[in-house]
Amino acid sequence: MRKQKGMTLIAILVFLFLFLPLCLIVVTSFGTAAAIQFPIKGFTLDWYAKALQSDTFMSSFKLSLMIGVLATVLALVVGIPASYALARYSVRGRNFIKSFFLSPTVIPGIVVGYTLFQYIVIKLGLPIFQGLLIGHFLISLPYIIRVVGSSMEQLDYSMEEVAWTLGCTKTRAFIQIVLPNVSSGIFAAFMLAFVNSFNNVPVSMFLSGPGVTMLPTSLLSYMEYNYDPTVSAISVMLMLLTMGLMFLIEKTLGLASIA
């Protein structure tokens, strides 16, 4: 009885502090007033049109999309072989190496962003695009290592060893046997890393520059001087994008567990 009451209380708190604010954001995105207010006095889609017609928001969206995809692909190129080596062979200091790869997820985001700013921008003086790409690669890599590594550790490598004995090269066996068996994990890792990169604030904030800003940074800059429902409209579209990608991840991992 006490457990049931406790679960009910937790459900109420989650609704009040998480789902209710999200519902308010959705509702206020359709309001007709010049400022965000609830309850709304009318219904309009003008704020969505304004967001989609804004050159600033659209250019930052395209940059976020480009950086997110490129950084995640680079993380896959590095993370897949690293995950395979850590799972397949008895590497000395394996736990330390794993912890090193996963460290960006443990260190506070503001610390990661500031550290990368000091080194990439101040020390190396790299252009903004390259700096953003490196920064987002570093925050995407831990998700690749964690998800793909988990798939690699559960894989039965007997088929790969049979292929070796039949004359197949290690590279060919890896491409034709190992990768297809962890493809669902790779896809899920790509989606998860991309979502994290696309929605990241600290690294994007520190490494962005004049005329080259990621979408979260553009949204924060807009909110400094404006408080109209455009903010709610963009937030709703970001929520829908994230929910769609997370749904794909869940379906992919669900199919993998069935297989």
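**View 1. Helix H3 against helix H9.** An axis here is a line fitted to the C-alpha atoms of a helix over the stretch in contact, and angles run from 0 to 180 degrees between N-to-C directions. In this predicted model, H3 and H9 pack at an angle of about 140°, and their axes are 9 Å apart. That angle makes H3 oblique to H9. The crossing itself is right-handed. On the H3 side, look for Phe61, Ser64, Leu65, Ile67, Gly68, Val69, Thr72, Val73, Leu76 and Ile80. H9 answers with Ile186, Phe190, Ala193, Phe194, Ser197 and Phe198. Sorted by class, that contact comes to 12 nonpolar and 4 polar residues, with no charged ones.

**View 2. Helix H6 meets helix H9.** H6 goes past H9 in a right-handed crossing. From H6, the contact takes in His136, Ile139, Ser140, Tyr143, Ile144, Val147, Val148 and Ser151. From H9 come Gly185, Ile186, Ala188, Ala189, Phe190, Leu192, Ala193, Asn196 and Ser197. There are 11 nonpolar and 6 polar residues in this contact of H6 with H9, and no charged ones.

**View 3. Helix H3 alongside helix H6.** H3 (residues 55–88) and H6 pack at an angle of about 40°, with 6 Å between their axes. That leaves H3 oblique to H6. Here too the helices cross in a right-handed way. The contact of H3 with H6 is made up of 22 nonpolar residues, 6 polar ones and 1 charged one.

**View 4. Annotated spans along the chain.** An unreviewed UniProt entry puts the label "transmembrane region" on residues 63–87, 99–122, 128–149, 173–195 and 230–249. Residues 173–195 come out at 96% helix and 0% strand, with 31 Å between the end C-alpha atoms.

**View 5. Phe30 and Phe43, an aromatic pair.** The structure holds 7 aromatic pairs. In the one shown, the ring centres of Phe30 and Phe43 are 5.0 Å apart and the planes sit at 15°, so the pair is stacked. Both Phe30 and Phe43 lie in the loop between helix H1 (2–28) and helix H2 (46–53), so the pair ties together parts that are 13 residues apart in sequence.

**View 6. Met239 and its contacts.** Met239 sits in helix H12 (residues 230–258). Leaving aside residues up to four places away in sequence, Met239 touches Leu22, Ile25 and Val26. Along the chain, Met239 and Val26 are 213 residues apart, yet their C-alpha atoms are separated by 9.7 Å.

Technical notes. Residues are numbered from 1 along each chain as its sequence is written. This is a predicted model: local features need pLDDT of at least 70, side-chain atom pairs count only at pLDDT 80 or more; totals for chains, interfaces and linings use all residues. Side-chain values use heavy atoms; hydrogens and water are left out. UniProt positions are given in the numbering used here, feature names are shortened, and annotations may be inferred rather than shown by experiment. Helices (H or I, at least four residues) and strands (E, at least two) are DSSP runs, numbered from the N terminus. A crossing is left-handed if the near helix is turned anticlockwise from the far one by less than a right angle, and right-handed if clockwise. Contact means heavy atoms within 4.5 Å. Ala, Val, Leu, Ile, Met, Phe, Trp, Tyr, Cys and Pro count as nonpolar, Asp, Glu, Lys and Arg as charged, and the others, Gly among them, as polar. Rings of Phe, Tyr and Trp (its six-membered ring) pair if their centres lie within 6.5 Å; planes under 30 degrees apart count as stacked, over 60 as edge-to-face and the rest as tilted. Angles under 35 degrees count as roughly parallel, over 145 as roughly antiparallel, 65 to 115 as roughly perpendicular and the rest as oblique.
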